[in-house]
Amino acid sequence: MIMFYLFITCLIILIMFFCLYSILPTIIIRKFKLGIIKNTNAAGVALTFDDGPNPKYTPELLDLLKKYGVKASFFVVGSKVEKYPEIIERMSKEGHTIGIHHFKHISSWMLSPLHLKKQLIKTEKAIEKYSNQNVHFYRPPWGHFNIFTLLLSRKYQIVMWSNIFGDWKVQTCKKSLLDNLRASPRKNSILLLHDCGTTMGADEEAPAYMMKNLEVFLKECQKQTQFITLKDLHLQEQQ
Ligand SMILES: [Zn+2]
């Protein structure tokens with residue numbers, strides 16, 4: 001019986017620790033927008049893409065953006081940057097902004113302060129090695145924070161999103177993505193899409209369907225909508 005109570009006590013302490021370390025900081029930071037942005041102050045749309053680079057879909061997406069003269073921002077996974085450096089080189093040459101999305105696609109809830117710092121530094125180094133840009137932006141996977149995130153990532157601007165579409169699922173792309181893209185605000189907005197479907201919970205083919213809808217959206221609104229990349233905002237802020 002004593003062992004049972006000991007077990008329950010340990011379990012409760014562990015759950016409380018986990019909540020204080022991860023869930024509570026995530027809720028507070030996101031609700032009160034502490035050290036993060038969910039919108040820009042620019043009269044335009046910032047298209048952002050997470051989880052790449054992907055050897056199949058990211059080059060196709062870069063072709064699509066080039067076709068419509070759109071500059072976007074990519075939050076990349078550092079280990080994939082090292083695997084596909086030529087995609088990062090191209091992204092950079094074509095004027096897109098590249099930010100950190102951890103070295104592996106792992107939640108900050110599972111990372112010690114030391115491991116989180118390593119995820120940031122390794123990804124920053126990988127991006128800077130293969131692009132000609134300094135890293136200014138960070139988006140934590142799944143939008144998860146731990147109690148040390150703001151302190152350890154203080155040299156970056158943390159960029160969340162104003163609109164998220166569930167485009168990591170093929171069904172959502174088919175059903176609602178285009179309507180929701182059309183309904184998204186044309187100024188101050190940060191739209192979150194994904195150029196890789198290999199993350200846990202995603203459909204591998206989803207980026208193909210995302211791009212089909214994105215092309216229709218770009219075709220419809222390119223003339224009356226300004227698309228901005230986060231790098232430009234950063235430059236404006238420094239002037
Ligand atoms: Zn992600």
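Biologist: Which residues of strand 3 (residues 73–76) point one way, and which the other way?

Modeller: Ser 73 and Phe 75 point one way from strand 3, Phe 74 and Val 76 the other way, and all are buried. In a regular strand the side chains alternate between the two faces of the sheet. This is a predicted model: local features need pLDDT of at least 70, side-chain atom pairs count only at pLDDT 80 or more, and totals for chains, interfaces and linings use all residues. Residues are numbered from 1 along each chain as its sequence is written. Strands (E, at least two residues) and helices (H or I, at least four) are DSSP runs, numbered from the N terminus.

Biologist: What makes strand 2 (residues 45–50) a partner of strand 3?

Modeller: Strands pair if DSSP finds at least two bridges between them. Here 3 bridges join strand 2 to strand 3, and the strands run parallel. Thr 48 belongs to strand 2 and stands opposite Ser 73 in strand 3.

Biologist: Why is Thr 48 called buried?

Modeller: Thr 48 has 23 other C-beta atoms within 10 Å. Buried requires 20 or more within that distance (12 or fewer is exposed, in between is partly exposed; C-beta atoms are placed from the backbone). Thr 48 is therefore buried.

Biologist: Which residues does Thr 48 contact, leaving aside neighbours within four places in sequence?

Modeller: Ala 72, Ser 73, Phe 75, Trp 161, Ile 190, Leu 191 and Leu 192. Contact means C-beta atoms within 7 Å.

Biologist: Why are helix 7 (residues 170–183) and helix 8 (residues 206–221) called roughly parallel?

Modeller: Their axes come within 9 Å and cross at roughly 25°. Under 35 degrees is roughly parallel (over 145 roughly antiparallel, 65 to 115 roughly perpendicular, the rest oblique). So helix 7 and helix 8 qualify as roughly parallel. On helix 7, the contact includes Val 170, Cys 173 and Leu 177; on helix 8, it includes Ala 206, Tyr 209 and Phe 217. The contact residues divide into 10 nonpolar, 1 polar and 2 charged.

Biologist: How do you know that helix 2 (residues 57–67) and helix 8 are also roughly parallel?

Modeller: Their axes cross at roughly 5° and come within 10 Å. Helix 2 and helix 8 are therefore roughly parallel to each other.

Biologist: Which residues of helix 2 and helix 8 meet?

Modeller: Tyr 57, Glu 60, Leu 61 and Leu 64 in helix 2 meet Pro 207, Ala 208, Met 211, Leu 214 and Glu 215 in helix 8. This contact divides into 7 nonpolar, no polar and 2 charged residues.

Methods: Axes are lines fitted to C-alpha atoms, for helices over the stretch in contact, and angles run from 0 to 180 degrees between N-to-C directions. Two residues are in contact if their C-beta atoms, placed from the backbone, lie within 7 Å. Ala, Val, Leu, Ile, Met, Phe, Trp, Tyr, Cys and Pro count as nonpolar, Asp, Glu, Lys and Arg as charged, and the others, Gly among them, as polar.
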